[in-house]
Amino acid sequence: MKFNFFILVLLLCVLLDACKSDDKESTTTPVTELMSLDMEVGGSIFNTEISGTTAELKRDLPYNTTTAKVKAIQLSDNTTANIKAGDMLNVGEPISIVLTNSKTNEEKNYSITLTARNYASIVEKHGLLKTDGNQIVNKDGDPVSLAGNSFFWSNNSWGGEKYYTAPVVSWLAFDWETTIVRAAMGVDESGGYLSDKEANINRVKTIVDAAIDQGVYVIIDWHSHHAEDYEDDAIDFFKQMATLYGEYDNVIYEIYNEPLNISWSDKLKPYAENVIAAIRDIDADNMIVVGTPEWSQRVDLAAADPITSSTNIAYTLHFYTVNHKQWLRDRATAALSSGIALFITEWGSIGYTQVDPETNLWMDWCRTNKISHCNWSVNDKVEEWSILSQGANTAGNWTDGEITQAGQLSRNITRSWQE
Ligand code: MG
């Protein structure tokens, strides 16, 4: 009996050992795999998606790119490749990536064809934007929607003015694939246009000139909550802007950011008609966007009594996902149905996170209805909507560490939006 027990234990030990070595073998079965491949052009990273033995860029390289640098390549254990970080690869032709496993001598071939955008800029592609019923269409009459960024208030010493630089516009266009920026010129508050015209106009001109240079759209925004009190100043300002920029397809005028709770038909509409008439004297065709009551949420009031004195007019809708949900989308859908065109010149996510289901719902709504939108805002102030971490470079070229969670959410949207 004792002897048999000993044999049994011995047998069990042998079996256990066998199982163990089986385990060991299964976890170390050598694979020969391309795990990830990232390319780089001009400091911007272009990730690829690998499916089967094909790697594909998640977004096209910039127009006219002929070569791209291998930024990083990740392989399975004991695997080497015929390309390495730092190598330059040609755009347009299929490239074979040959992997070799030193343990098994297995060879595996992957392929990638690097592609570049086939148009120079979004403005070259779409031209002057116009409203057509409730839609905004391009030069060919096709509906178009843009995704981009609003700058912060331009006011002296408010903190956001340091990002009113040409390199920030070009970095947003190049790395974020932003197709529209918005210069939010503070008016009546401290340090705004009324107290320092030269400094604020110069900031706006910096952004507009850079946008024209980069081929992206740009909104010139009279960023006020009380614009009806400064109508003459608005007329004077927009006459200057129309004279300077009326010939450029890039430019959109936004004549009132967020009116408060004032009458559309008695106060806002007359203000808008007067400013629009002044612009149209100089610039007959560029789009004009008009703010709506209650922080640009009452698009229903504009829809009930739209401006008919001029054409190419859209109306402002703003949303911040913490407050503005399905009820505002329903209101906006009804306004569209009644025939007016909408433009989201400002929106904000919940902040401090890339996970915001309400933002996803809004973006779905924008895609469905072909609505353009600018994310608030390009700034490093500690608040939920800033896209930059404190002290982020005022010349763009931002690392991921210089971009907030809200900024990364915004960048994911702009990078994947282009049409
Ligand atoms: Mg024009």
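1. **Around D188.** Leaving aside neighbours within four places in sequence, D188 is in contact with L194, S224, H226 and Y230. Two residues are in contact if their C-beta atoms, placed from the backbone, lie within 7 Å. D188 sits in the loop between β12 (180-186) and α4 (197-214). Helices (H or I, at least four residues) and strands (E, at least two) are DSSP runs, numbered from the N terminus. D188 and N155 are 33 residues apart along the chain, and their C-alpha atoms are separated by 9.4 Å.

2. **What kind of model this is.** This is a predicted model: local features need pLDDT of at least 70, side-chain atom pairs count only at pLDDT 80 or more, and totals for chains, interfaces and linings use all residues. Residues are numbered from 1 along each chain as its sequence is written.

3. **The chain as a whole.** The protein chain holds 11 helices and 18 strands. Its radius of gyration is 28 Å, well over the 22 Å that the globule rule gives for 419 residues, so the chain is more spread out than a compact globule. That radius is taken over C-alpha atoms, and the globule rule is 2.2 Å times the number of residues to the power 0.38. Along its principal axes, the C-alpha trace spans about 105 × 55 × 40 Å. Of the 419 residues, 40% count as buried. Take the contacts between residues at least 6 apart in sequence: 68% of them join residues at least 24 apart.

4. **Two domains.** The domain assignment gives domain 1 (34-112) and domain 2 (122-416). Such bounds come from an automatic or database domain assignment. The two centres, taken over C-alpha atoms, are separated by 38 Å. How many residues of domain 1 are in contact with domain 2? Five residues of domain 1 are in contact with five residues of domain 2. The touching side of domain 1 has one nonpolar, three polar and one charged residues. Here Ala, Val, Leu, Ile, Met, Phe, Trp, Tyr, Cys and Pro count as nonpolar, Asp, Glu, Lys and Arg as charged, and the others, Gly among them, as polar.

5. β1 (residues 34-41) and β2 (residues 44-51) pair in the antiparallel sense over four bridges. Two strands pair if DSSP finds at least two bridges between them. M39 stands opposite F46 in β2. β1 and β2 form a hairpin with two residues between them, and G42 in the turn has a positive phi of about 55°. β2 also pairs with β3 (residues 54-57), antiparallel, over four bridges. There T48 stands opposite L57. The hairpin of β2 and β3 has two residues between the strands, and G52 takes a positive phi near 65°.

6. **Strand β4 and its partners.** β1 pairs with β4 (residues 67-75) in the antiparallel sense over six bridges. The bridge partner of M39 in β4 is V70. β4 and β6 (residues 88-90) pair in the antiparallel sense over three bridges. T67 has N90 in β6 as its bridge partner.

7. **The cores.** A nonpolar core is a set of buried Ala, Val, Leu, Ile, Met, Phe, Trp, Tyr and Cys residues joined through C-beta atoms within 7 Å. Which residues touch the most other members of the largest core? Of its 91 residues, they are A183, I207, V218, F238, I255 and L342. Helix α6 (residues 264-282) gives the most to this core, with eight residues. A second, separate core of 14 residues includes L34, M39, V41 and F46.

8. **V299.** V299 lies in helix α8 (residues 299-304). V299 is buried, because 26 other C-beta atoms lie within 10 Å. Not counting residues up to four places away in sequence, V299 touches T292, Y315, L317, R331, A332, A335 and L342.

9. **Helix α11.** In α11 (residues 405-415), the buried residues include A406, L409 and I413. The buried residues of α11 pack against β11 (147-151), α10 (357-369) and β18 (373-378).

Notes
A residue is buried if 20 or more other C-beta atoms lie within 10 Å of its own, exposed if 12 or fewer, and partly exposed in between; C-beta atoms are placed from the backbone.
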